[in-house]
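Open the model in your viewer and keep the sequence panel beside it. This tour goes from one selection to the next.

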Amino acid sequence: SHADPLSIAVLCHTGAGGSGVVATELGLLMASLGHAVHFVGGQVPFRLSRRCAVHGPYFHQIGSFAYALFEQPYPELSAANTLSEVILEQGVQLTHAHYAIPHATAALHAYAITGRAPVMTTLHGTDVTLVGAEPAFYHTTRHAIMQSHHVTAVSQFLAEQTREVFDTDREIEVIYNFVDPERFRPVDNPQLRARFAREDEALLVHVSNFRPVKRVQDVIQTFAGVLSERPARLLMIGDGPDRAPALELAQRLGVADRVNFLGSFPDVETVLGLSDLFLLPSSKESFGLSALEAMSCQVPVVAARAGGIPEVVVDGVTGRLADVGDVDGLTQAALDVLDRRAEMGRAARERAIAHFHPGIVAPQYLAAYQRTLEQWQN
Ligand code: GMT
């Protein structure tokens with residue numbers, strides 16, 4: 001019945017990234033509601049620090065196996081094998097796979113092996129948007145999406161994009177990402193803020209994994225534009241391939257002494273809420289969870305008009321949008337938002353609470369789990 005606790009296995013990326021964060025926070029929520037949640041992964045997910053020995057979520061390490069004849073490790077097979085063990089030993093009823101490949105693929109494989117645990121797949125973006133341009137995984141991704149027992153996407157944009165790229169009209173339920181406004185809240189701590197900026201300086205912030213899609217060079221250029229108009233500082237949180245080029249660009253533009261690279265850490269809410277403006281100029285972004293986390297902290301967002309971002313950031317209300325790569329537009333938007341920082345910050349937090357509260361979103365996932373199970377049983 002609907003009141004019975006569920007037993008769910010979760011496959012997700014475990015590194016720093018929105019999909020793993022959503023999987024983790026959802027798993028923690030489900031565990032707090034009394035459901036058994038079993039994470040299956042190569043390592044403990046980035047933000048899964050608060051685990052309870054009794055109530056979970058539980059973590060199961062995927063075994064690895066090296067053999068001279070294998071040209072490379074076969075992580076999908078190892079994941080399917082460990083997931084099969086967990087399904088059989090823990091009585092898992094359903095697998096929630098975040099990402100079509102490799103996770104839905106591995107989950108469907110375990111379903112075929114065990115004859116149990118139908119698969120609900122949540123699409124987060126890059127496997128769909130990149131496959132649109134790169135056919136190397138076209139058939140495997142399409143198969144994972146078509147064979148999953150239920151599919152959700154984190155934005156309308158991504159649902160439509162998926163149907164287009166894979167030329168299908170299969171049902172894809174949109175369930176937005178969410179943020180906990182108790183944890184992601186404004187931080188009123190002048191002493192802490194003073195470590196990063198003087199009182200008269202605007203504090204800008206960017207959080208990402210510094211991959212090319214994030215366009216961190218546009219973050220630096222936008223910041224330099226703002227700095228030519230008013231005193232400011234920039235916090236760069238995260239790490240990835242474009243960190244060094246971003247630092248170089250900052251040096252070339254003569255703004256490096258105003259930019260603070262803080263590296264990657266899971267509890268970004270400790271500094272997000274100190275800042276005045278969040279920058280997210282990505283070329284592709286199916287949702288933009290980091291922007292939502294900033295909004296929840298009462299920090300307005302300046303972002304590129306890309307993918308699902310306009311479903312999160314309301315142009316002119318909770319921040320401003322500009323075209324991808326339009327650094328002058330982003331700079332103007334940033335200056336405008338800084339002038340209206342208080343009002344837009346309040347609107348941003350209100351929007352996060354009204355539309356993206358865990359109390360709104362988690363029940364949608366729970367209902368989707370229950371529906372997936374019922375339809376599979378019948
Ligand atoms: O884009 C990233 O840096 C990471 C990636 C991931 O898989 O974690 O993020 C994707 O999923 C997030 C959670 O749903 C979304 O907020 C991001 O917009 C999406 N990234 C892209 O579409 C590029």
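Leaving aside neighbours within four places in sequence, which residues is Pro 281 in contact with? Select Pro 281 and look around it: the partners are Arg 215, Asp 218, Val 219, Thr 222, Ala 303, Ala 304 and Leu 330. Bear in mind that this is a predicted model.

**Stop 1: Pro 281**

Stay on this proline. Pro 281 sits in the loop between strand S11 (277-280) and helix H11 (289-296). Is Pro 281 buried or exposed? Count the other C-beta atoms within 10 Å: there are 28, and the cut-off for buried is 20 or more, so Pro 281 is buried. Phe 166 is 115 residues from Pro 281 in sequence, and their C-alpha atoms are 27 Å apart in space.

**Stop 2: Gly 329**

Move to helix H13 (residues 327-339), where Gly 329 is placed. Gly 329 has 19 other C-beta atoms within 10 Å. Buried needs 20 or more and exposed needs 12 or fewer, so Gly 329 counts as partly exposed. What does Gly 329 touch, not counting residues up to four places away in sequence? Select Ala 322 and Asp 323; these are its contacts.

**Stop 3: the whole chain**

Zoom out and switch to cartoon. The chain has 15 helices and 13 strands. Its C-alpha atoms fill a box of roughly 65 × 45 × 40 Å along the principal axes. The radius of gyration is 21 Å; a compact globule of 378 residues would have one near 21 Å, so the two agree. Of the 378 residues, 49% count as buried. Take the contacts between residues at least 6 apart in sequence: 68% of them join residues at least 24 apart.

**Stop 4: two domains**

Colour by domain. The assignment gives domain 1 (7-178 + 357-377) and domain 2 (190-355). Their C-alpha centres lie 30 Å apart. Now select the contact between them: 18 residues come from domain 1 and 14 residues from domain 2. On the domain 1 side, H1 and helix H6 (156-165) are the elements that give two or more residues. By class, that side of domain 1 has seven nonpolar, ten polar and one charged residues.

Next, select residues 196-350. UniProt lists this range, in an unreviewed entry, as "domain: Glycosyl transferase family". Over these residues the chain is 39% helix and 19% strand. The end C-alpha atoms of the range are 26 Å apart.

**Stop 5**

Colour the shell by class. Finally, bring back the domain colours.

Technical notes:
Residues numbered from 1 in each chain as written. Predicted model: local features only at pLDDT ≥ 70, side-chain atom pairs only at ≥ 80, totals over all residues. UniProt positions renumbered as here; feature names shortened; annotations may be inferred. Helix = DSSP H or I, 4+ residues; strand = E, 2+ residues; numbered from the N terminus. Domains from an automatic or database assignment. Contact = placed C-beta atoms within 7 Å. Nonpolar A, V, L, I, M, F, W, Y, C, P; charged D, E, K, R; others polar. Rg over C-alpha atoms; globule rule 2.2 N^0.38 Å.
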